[in-house]
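Hi,

Here is the structure I promised to send over. Have a look at it first, and then read on for my notes.

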Amino acid sequence: MATPHSETLTILARSGAEALKSFGEALIPQLGALEVRKSQTGLVMVPMRDTAQGTSFHLGEVLVSEAHIVQGETHGYGMRRGRDLEAAMAMALIDLALQVDVARQECSAFVAEQQSKHLAEDHDCLCRIEATRVDMETF
Amino acid sequence: MAYVATRGGERAIEQAERLFRADMGKITAERVNEIKSAMPYLIDRVMGEASLYDEDLAALALAQTGGDLYEAVLVLRAWRTTQPRLQVAAPVAQDDLFTHRRISAAFKDIPGGQVLGPTLDYSHRILATDVLNGTPFTPAAVEPSSKPAPAYQPSVAAWQAENDLVDLPKLDETHPDDIPDVTREPLLFPSKRAHTLQSLARSDTGGALALGYAAMRGYGQAHPTVNELRLAEAEVMVKHPNGTSFSAGRVKVSQAEVVSKKGEKLELGFSATLGWNEVKCISAATLDLNSKGAPKGSATEEEFYLYHTEGVESSGFCIHFKLPHYVTFQSSLDAMRDAKSKKSIHPEPAE
């Protein structure tokens, strides 16, 4: 079951890069000193389950950008598709801010706004898909 | 084998590459974006065969190679080796796929219904030649339904198992980090099923189609019916350093189950790939369905189809024949001349 932290990270990973970067950048002065452990691109291997024999196998790799920052004992983390390191870092900054209670209200509002956008996008997409449903009539 | 070092081709090689690239002209970010937005199915095909999912890189590879698919896949696979593997995601399950298209040719009334999604399957294939005369082709807009389609659907096989038509397989509990990986281990035969399915996922579309078609035309043991064909998006489920699972984004995947009657049950063949590529999945699933007990050297025998649908190796082997073979060919000529001269000295007695 998805936890709020899981949902937040999923929303941030899907958010538009420009919105994420401009919001994340504003957090830097408020967060203060932090250690950047990782800022890199790399691959995530994606496995899948076969329905014929139940075997797990690798579909292929996905390019992601990753950012890992630390403040004290708290880890801020960003990983998202693509090669935009700044967007991954912005995701890590927002994740850290939420955990150390910096600009919590603004961060939560940003996440909620992004979530609404994603839900609306999915809804529109699924309504377009539903238009292609076959109403089968048997003679 | 003997090798002879030669020199003198450096300038020709450099100019030949320039001549190749001159035809394509300047490659800009705008061109890459145009390729990405105008040719999503080509991008999907390249990403699937390269087994590297990133639309920008795939579009760049196509721009840089002038659309030569084998070169594009090769350059992407080469680039892939420069990147570290950061994580192995949680296995994608059918129930978790954000589904855009799901049809069955075997059962009319599958749970969830037949949802066509984006397809040209039932359309007239007419070239819009007016575009060439300056009249743009503007596709008619989709008229969306007032209610959304269900985002998630179970596999058709799960429904068939409830109806005692197939035996549901035991779930593979292998930890994602321990799933066999053909990019890091040699492909040995008989192949591990994980290797077979991964190899088919990254196989050359044309190669999989050619051999799958051979099986469909009657050179295989089983005639396939599409049990389920699905185009969807899968969440890439990764882990935060504190252990929280989350999605790093969605990737397009396609999967096909094909089915054949075997005794009182149905037998399934399966294939899936990154990106939306129906022809490859149906062909590869047909090969999977037919591979058990296939005669050695037949199109549906595992070793045969896995070796011959590996696009980078097969195209690489094919084009290597263009490279100088002066010594080996001269050696063949020497042997031929030798045989000829011996034959003229000692004619064989008449039978």
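Predicted model: local features only at pLDDT ≥ 70, side-chain atom pairs only at ≥ 80, totals over all residues.

Chain A has four helices and three strands. If you walk along the sequence, the order is α-α-β-β-β-α-α, with the radius of gyration coming out at 19 Å; that is well over the 14 Å the globule rule gives for 139 residues, so chain A is more spread out than a compact globule. As for the inside of chain A, 43% of its 139 residues are buried. Of the contacts in chain A with a separation of 6 or more, 52% are between residues 24 or more positions apart.

Now to chain B and helix H8, which covers residues 205–219. Which residues of this helix are buried? They are Thr205(B), Gly207(B), Ala208(B), Leu211(B), Gly212(B) and Ala215(B). Looking down the axis of H8(B), these buried residues fall within an arc of 165 degrees, so they line one face of the helix. Turned away from that buried side is a face with the exposed residues Arg217(B) and Gly218(B).

And what do the buried residues of H8(B) pack against? Their partners in chain B are helix H3 (40–50), helix H7 (193–201), helix H9 (278–290), helix H10 (302–308) and helix H11 (311–320).

Cheers

Key. Residues numbered from 1 in each chain as written. Chains lettered and ligands numbered in written order. Helix = DSSP H or I, 4+ residues; strand = E, 2+ residues; numbered from the N terminus. Rg over C-alpha atoms; globule rule 2.2 N^0.38 Å. Buried ≥ 20, exposed ≤ 12 C-beta atoms within 10 Å, placed from the backbone. Contact = placed C-beta atoms within 7 Å. Arc of directions from axis to C-beta.
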